[in-house]
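Reader: Please show me how to read the features of a structure, one at a time.

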Amino acid sequence: MSWTKEQAKENSRLWRIKNPEYNKQYAIDHKKEATAYKITYNKPYYIKNKVKILEKSKQYVIIHREEILEKHKQKYIELREKVFDHYGHKCMWPGCDVIESYMLEIDHINGGSYKHYKGIKLYQWLVKNNFPEGFRLLCANHNWEHKINMQKEKWDSKSHSKASERNKKSCIEKKEIIFNNYDHKCNFPGGCKWNIKESDMLHLHHKNNNGAEDRKNLGNKSIYKDIINNNRYSEFLPLCPNCHEKIEKENKSWAL
Ligand SMILES: [Zn+2]
Ligand SMILES: [Zn+2]
């Protein structure tokens, strides 16, 4: 049976996907030749044919979109599980038994999250740096509680202007009005396993998943004020962070 050039190329591509170990070993064994080849041939070829190459790779992404997304998802899950396994694969808060990956988050124990990446970039960084100390797993509820406690400590350690004291008070009052409309508790359908009732621990979930759009429309305006003034209660569901993750799981194809 003879193949056309395209068929032969496609067969070889599929074979390589099925045999990733062969590829890895081949790359290790032929590293020097590959580098020399790249410098001698690939670079000048790329410069000469840049437009054609970019168009071809754009087409490739369009045709193989599903396959590429699936590959990314698998890579993400593999990496996340590797990191979570290393850090105990459970919430490290005393007495908490959450083990589900989609509810677990990496916490930088002494803060300083600005120094590091988030999501897959953070997982890559942790693996590359051989799982450094100073990180732990917390469920979304305990990670949030920890953040709130740190914010409170920071607020209490400083003096504040009358205006910012007033702003804070007004924000707390509005939250109380809103949460009282929902029995002041996590409204997860079927009940909240964690029985969360504190305002600080409740998030407002956009039922139509249009949170980003809503925030864009509101700009600098307060969402709490908007909900109260325009009676928007039916658009939201107050949820604790863990229950929020449970609901959002449906929207995240990778959140297994
Ligand atoms: Zn926990
Ligand atoms: Zn809940």
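Predicted model: local features only at pLDDT ≥ 70, side-chain atom pairs only at ≥ 80, totals over all residues.

Reader: Into which domains is the protein chain divided?

Author: Domain bounds come from an automatic or database domain assignment. Here they give domain 1 (5–63), domain 2 (88–147) and domain 3 (162–251). Between the C-alpha centres of domain 1 and domain 3 there are 50 Å.

Reader: What span should helix α1 have?

Author: Helices are DSSP runs of H or I with at least four residues, numbered from the N terminus, and strands are runs of E with at least two. The expected span is 1.5 Å times one less than the number of residues. Helix α1 (residues 5–18) has 14 residues and should therefore span 20 Å, which agrees with the 20 Å between its end C-alpha atoms.

Reader: How many residues of α1 are buried?

Author: A residue is buried if 20 or more other C-beta atoms, placed from the backbone, lie within 10 Å of its own, exposed if 12 or fewer, and partly exposed in between. For α1 the count of buried residues is zero. Helix α9 (residues 211–218) also has zero buried among its eight residues, so α9 lies largely in the open. Just after α9 comes Gly 219, with a positive phi of about 55 degrees.

Reader: Is Ile 28 buried or exposed?

Author: Ile 28, in helix α2 (residues 20–29), is exposed, because 8 other C-beta atoms lie within 10 Å. His 64, in the loop between α4 (50–63) and α5 (65–86), has 13 such neighbours inside 10 Å and therefore counts as partly exposed.

Reader: At what angle do helix α7 and helix α11 cross?

Author: Axes are lines fitted to C-alpha atoms, for helices over the stretch in contact, and angles run from 0 to 180 degrees between N-to-C directions. Under 35 degrees is roughly parallel, over 145 roughly antiparallel, 65 to 115 roughly perpendicular, and the rest oblique. The axes of α7 (residues 140–156) and α11 (residues 241–248) cross at roughly 135 degrees and come within 6 Å; α7 and α11 are therefore oblique to each other.

Conventions: Residues numbered from 1 in each chain as written. Chains lettered and ligands numbered in written order.
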